[in-house]
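Welcome, and thanks for taking a look at this one. Please browse the sequence and the structure below, and then we can walk through them together.

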Amino acid sequence: MYLRAVLKIDWNYFKTRYMKKLIILFFAVILGAFVVAQETDYNQLPSVNVRTIEGESFNTKDIYNDGNPILISFWALWCKPCKKEMDAYNEVYEDWQEETGVKIYAVSIDDSRSTTKVAPFVNGKAWEMEVLLDPNGDFKRAMNVNMIPHTFLLDGKGNIVYQHTSYYEGLEDEIYELVEKVAAGESISNN
Amino acid sequence: MRRVIIILSILVFAVVSSQAQGFQNFLDKSEVHGSFEFDGAYYIADDAIGFSEEDWIKGQPFRFNGFGKIVYTNGGFSAGLRYEAYLPPLLGYDQDLEGQGFPNIWASYTHEKFSFTVGSFYEQFGNGLTLRSFEEWMLGYDNAINGARIVYEPIKGLRFKGIYGVQRYYWYKWEPNTRGIVKGLDGELDFNQVFRGMADSKVRFTFGLSAVSKYQVDDMKELNLPENVSNIGARFNMGIGKFNINTEYAWKVNDPSVLNNFIYKDGQAWMLSLTYSTKGFGFFGMFKRYDNVSTKSDRYVTNNALDVTFLPPNTEIHTYMLTSMYPYATQPNGEIGFQFQVNYKIPKKSKLGGKYGMGIAVNYSQVNDIARDSVAYVDAFGVPAEGIGQPGSKGWTSPFFKFGDPVFWQDLNIEIDKKFSKKLKGSLLYMYQTYNIEVLEGHPEDGPIVYANIAVLEMTYKFTSKHALRWELQGLWTEQDDGNWAAALLEYTISPNWFIAVFDQWNYGNPEKEFQNHYYNVSFGYTRRTTRLSINYGRQREGIVCVGGVCRVVPASNGFYFTLSTNF
């Protein structure tokens with residue numbers, strides 16, 4: 001009853017303010033749906049300006065690994081499970097690279113309270129992966145990340161083929177199996 | 001309206017039916033993505049923790065916050081919208097959020113050197129001392145700018161930005177002569193990218209300048225208020241080998257507001273950080289000073305909204321149950337502080353490091369009030385007087401580097417983490433804290449200062465490659481506020497899908513026996529790829545949740561909580 005009342009009141013408001021925009025969006029979605037139907041795996045990274053931990057500007061379009069798989073993982077200094085995930089990757093990173101050529105980008109979403117803390121932390125931990133800084137969450141928003149840790153796996157063509165949110169002990173083994181498949185050119189759409 | 005639909009229908013039909021290369025290409029480049037989250041609660045009255053039907057639930061035990069976002073992209077073009085609903089908002093969120101609708105709608109287009117955005121957008125200049133708009137779902141915070149933005153990058157490494165708009169204020173529609181209009185310009189030059197001679201230099205140098213102005217009509221009879229308030233900032237980042245210096249200084253003209261008690265003083269913010277790091281060792285040092293820099297695009301607003309600038313707090317972020325009991329919030333009217341941190345990894349195969357090495361982190365931070373001297377002013381009866389922070393006066397004068405009384409915050413924490421074997425790892429944290437509860441929470445009766453010792457032990461044991469058990473034991477000891485606390489947590493996870501956790505926080509040292517409560521919880525969750533569902537039942541402790549220097553007070557509560565989140 002309550003919910004109905006709410007819906008009823010808002011319908012008029014809705015119509016006057018948003019109907020046009022919604023209809024336009026509806027058509028955009030239809031267009032998009034055709035795309036999804038035809039090109040299920042097609043995907044590309046958005047173009048967003050972030051920084052390297054050396055302070056240089058870096059565009060996410062330049063994330064590249066010469067035809068090998070890429071992992072992009074969003075993390076922050078305040079996120080314990082994220083740091084565990086990165087530690088777990090770091091421990092096996094050398095082996096992974098040798099076997100699959102994978103490259104890991106660890107994107108810190110720490111805001112300016114702690115962006116300058118990231119470099120000493122990462123070096124203090126002796127992490128080997130590429131670390132990027134996204135202090136205002138621009139890349140995070142463009143990738144539709146709701147909560148962290150959130151990890152994307154890209155195949156050699158730069159298509160996103162797998163995503164996972166949250167980290168539990170042992171997730172790295174699961175991720176590695178997928179990286180191996182991707183490196184071998186297998187499809188993982190059913191995992 | 002109808003015409004738009006007809007045109008669009010034709011367009012869709014044409015696109016779908018055509019096999020022409022151009023359309024095919026258009027289709028190939030089109031993408032639709034989005035995300036969704038629903039956070040709901042069913043509250044149950046619990047008088048033992050002061051969570052009563054009359055004061056809190058008020059006949060609405062079921063509450064939720066939810067959003068959905070859809071983004072369409074096609075090459076350099078993207079457009080999207082975000083729907084939000086708070087019916088009614090969860091307890092502890094600003095109740096002004098109640099309502100539903102589309103707060104954010106935007107379109108943007110990037111072509112070679114230019115990028116244009118209209119609608120709602122988020123932007124940060126430098127460290128945010130002159131401008132930052134952002135959203136933080138966990139806090140119910142969103143100060144998106146609704147207007148237009150242009151970014152121009154004539155050559156790689158040189159970028160200009162211009163923004164113009166009004167900020168989101170819950171569901172209140174912007175009308176002329178209400179909240180202010182924000183305008184801003186920013187330029188940043190990366191010397192190593194622009195000047196070829198420096199491309200391979202060991203010295204990396206970036207320099208930026210920004211200017212932001214807000215306009216709000218002067219609608220006050222008693223005072224003559226500035227309608228245009230500008231804030232100017234300069235910054236640079238310089239790296240030399242393993243060293244890095246980052247600094248930003250911002251100065252703003254006088255901006256009388258409710259927050260600063262209508263003083264006509266200019267404001268200044270300065271932050272400086274120095275780091276040194278090499279493999280296995282990192283050092284971080286920071287100094288910050290804020291003097292009368294609260295900047296909102298409506299001078300009458302005092303809640304967590306409409307901030308034009310961002311004033312990062314100068315303290316470590318703590319996330320364990322008891323270490324986050326007393327979090328710091330920036331004091332924009334004035335604070336001065338510093339912070340040091342050392343991260344060191346004791347190498348593998350050394351005596352202390354063992355087979356896997358051992359990590360040590362030591363952090364110290366302190367924040368005080370700035371020192372203030374009184375200034376001359378004329379009081380309400382026209383009599384000359386002297387005072388600090390008097391409305392209509394120039395506020396105060398303050399020696400730049402002097403630390404004033406009282407101390408707002410002190411935190412010394414030492415954390416070690418060690419892996420004992422392939423199956424067992426753990427960490428130990430000790431923290432000593434000084435927390436000015438009178439200034440930071442406004443409870444003079446409990447203060448003014450809380451001194452607390454906190455210890456946390458966390459261990460993880462891996463049974464197999466997928467099954468693991470994690471446990472935490474925590475203690476907080478203090479003579480002030482609610483006295484001593486103990487906490488314990490047990491969490492079992494099955495990678496990559498399942499977790500179940502039980503935890504309890506027990507206020508065993510509360511000076512009043514009837515308040516020696518247990519805050520027990522059971523929580524359970526399932527994750528598949530990016531879809532996450534979690535259900536929690538139990539008591540929430542009264543506390544403050546802070547993200548990025550913005551905090552909200554959460555009341556004690558009891559009930560069921562659900563979260564469903566996904567993206568595509």
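Asn177(B) is exposed, with a relative accessibility of 55% (exposed means over 50% relative accessible area, buried under 20%, and partly exposed in between, with a 1.4 Å probe and protein chains only). Though not a glycine, Asn177(B) has a positive phi of about 60 degrees. The loop that holds Asn177(B) runs between strand E11 (158–167) and strand E12 (181–190) of chain B; helices (H or I, at least four residues) and strands (E, at least two) are DSSP runs, numbered from the N terminus.

Is Phe262(B) buried or exposed? At 11% relative accessibility, Phe262(B) counts as buried. Phi is positive here too, near 55 degrees, in a residue other than glycine. Phe262(B) sits in the loop between strand E15 (243–252) and strand E16 (267–278) of chain B.

## How to read the model

This is a predicted model, in which local features need pLDDT of at least 70 and side-chain atom pairs count only at pLDDT 80 or more, while totals for chains, interfaces and linings use all residues. Residues are numbered from 1 along each chain as its sequence is written, chains are lettered from A and ligands numbered from 1 in the order in which they are written, and side-chain values use heavy atoms, with hydrogens and water left out.

## The two chains

Chain B has five helices and 32 strands. Its radius of gyration is 27 Å, close to the 24 Å that the globule rule gives for 568 residues, so chain B is as compact as a globular protein of that length (the radius is taken over C-alpha atoms, and the rule is 2.2 Å times the number of residues to the power 0.38). Along the principal axes, the C-alpha atoms of chain B fill a box of roughly 75 × 70 × 65 Å. Of the 568 residues in chain B, 52% count as buried.

Chain A has five helices and seven strands, in the order α-β-β-β-α-β-α-β-α-β-β-α from the N terminus on. Buried residues make up 59% of its 191 residues. Among contacts in chain A with a separation of 6 or more, 68% are between residues 24 or more positions apart, where contact means heavy atoms within 4.5 Å.

## Cis peptide bonds

In chain A, the bond from Ile148(A) to Pro149(A) is cis, with omega near 0 degrees. Pro149(A) lies in the loop between H4 and strand E6 (150–154) of chain A. In chain B, a cis peptide bond joins Ser495(B) and Pro496(B), with omega about -5 degrees. Pro496(B) belongs to the loop between strand E26 (485–494) and strand E27 (498–506) of chain B.

## Where the chains meet

How many residues of chain A are in contact with chain B? The interface brings 76 residues of chain A into contact with 110 residues of chain B. About 7,600 Å² is buried between the chains, and carbon and sulfur atoms give 54% of that area; buried area is the accessible area (1.4 Å probe) that two parts lose on being put together, summed over both. In chain A, Arg113(A), Tyr168(A) and Glu169(A) lose the most area to chain B, together 12% of what that side buries.

There are 11 salt bridges between chain A and chain B, each a side-chain nitrogen of Lys or Arg within 4 Å of a carboxyl oxygen of Asp or Glu. One of them pairs Glu458(B) with Lys80(A) (3.8 Å, N to O). Among the elements of chain A giving two or more residues to this side are helix H2 (80–100) and helix H5 (171–183), while H1(A) gives the most, with 21 residues.

## Salt bridges and burial

Over all chains, the structure holds 34 salt bridges. Arg132(B) and Asp111(A) form one at 3.9 Å, N to O. This pair crosses between chains, from strand E7 (residues 131–132) of chain B to the loop between strand E4 (103–108) and H3 of chain A. Arg132(B) is buried, at 4% relative accessible area, and Asp111(A) is buried at 11%.

Within chain B, Lys265(B) and Asp291(B) form a salt bridge whose closest N and O atoms are 3.3 Å apart. The two residues link distant parts of the chain, 26 residues apart. Lys265(B) is buried, with a relative accessible area of 8%, and Asp291(B) is buried with 2%. Salt bridges that share partners also join Lys80(A), Lys84(A), Glu415(B), Glu458(B), Arg470(B), Glu472(B) and Glu491(B) into one network.
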